[in-house]
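Here is a short briefing to read alongside the model.

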Amino acid sequence: EVDRDGKYIYSPVRFVKFNISIITISPNPASSFIKINSSIENLQINIFDVTGRKVISQLLNSSSAQVNIASLPRGVYTVIAYNNGTKADAKKIVKQ
């Protein structure tokens, strides 16, 4: 917006996040498999350990998929869903 005297100022850019859950994960905690349900299809699912290392990557072709986590050590993991390369949702899971 330009003022009457011709001066203008840019507003700061703000990040807006809507708390819309795209994925649900069950069971949590889990030991062998997790089931991921999604409200949209064709998501890229990545699972990261606490150090940020990607340990599992899987394409979710339908609205539901099972992911084998049996080979992962016990701990807390972050599941991130990407839609067309953009982060759509993130959840924490506990592997027992």
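Which residues does Lys95 touch, not counting those up to four places away in sequence? They are Ala30, Ser31, Ile69, Ala70, Leu72, Pro73, Arg74, Gly75 and Tyr77, where a contact means heavy atoms within 4.5 Å.

Before going on, a word on the ground rules. This is a predicted model, in which local features need pLDDT of at least 70 and side-chain atom pairs count only at pLDDT 80 or more, while totals for chains, interfaces and linings use all residues. Residues are numbered from 1 along each chain as its sequence is written, and side-chain values use heavy atoms, with hydrogens and water left out.

**Around Lys95**

- Lys95 belongs to strand β7, which covers residues 86-95; strands here are DSSP runs of E with at least two residues, helices are runs of H or I with at least four, and both are numbered from the N terminus.
- Lys95 is buried but has no salt bridge, and Asp49, the nearest side chain of opposite charge, is 13 Å away.
- For these labels, buried means under 20% relative accessible area, exposed over 50%, and partly exposed in between, with a 1.4 Å probe and protein chains only.
- On charge, Lys and Arg count as positive and Asp and Glu as negative, with His and the chain ends not counted.
- The Lys95 side chain does reach the backbone oxygen of Leu72, at 3.1 Å.

**The chain overall**

- The chain has seven strands and zero helices, so its elements read β-β-β-β-β-β-β from the N terminus on.
- The chain is more spread out than a compact globule, because its radius of gyration is 19 Å, well over the 12 Å that the globule rule gives for 96 residues; the radius is taken over C-alpha atoms, and the rule is 2.2 Å times the number of residues to the power 0.38.
- Along the principal axes, the C-alpha atoms fill a box of roughly 65 × 30 × 20 Å.
- Of the 96 residues, 28% count as buried.
- Among contacts with a separation of 6 or more, 46% come from residues 24 or more positions apart.
- The accessible surface is about 7,000 Å², with 51% of it belonging to carbon and sulfur atoms; such areas come from the Shrake-Rupley method with a 1.4 Å probe, and for residues only the protein chains shown count as cover.

**Salt bridges**

- The structure holds two salt bridges, each defined as a side-chain nitrogen of Lys or Arg within 4 Å of a carboxyl oxygen of Asp or Glu.
- One joins Arg53 and Asp49 at 3.3 Å, N to O; Arg53 is exposed at 53% relative accessibility, whereas Asp49 is buried at 15%.
- Another pairs Lys91 with Asp89, with the closest N and O atoms 3.3 Å apart; Lys91 is partly exposed at 25%, and Asp89 is buried at 10%.

**Backbone details**

- The loop between β1 (23-26) and β2 (33-38) contains Pro27, and the peptide bond from Ser26 to Pro27 is cis, with omega near -15°.
- Pro29 also sits in the loop between β1 and β2, joined to Asn28 by a cis peptide bond with omega of about 10°.
- Asn42 is not a glycine, yet its phi is positive, near 60°; Asn42 lies in the loop between β2 and β3 (43-48) and is partly exposed at 47%.
- Asn84 has a positive phi as well, about 55°; Asn84 is in the loop between β6 (75-83) and β7 and counts as exposed at 73%.

Note on methods
Polar contact = N/O pair within 3.5 Å; in protein donor to acceptor, adjacent residues only side chain to side chain.
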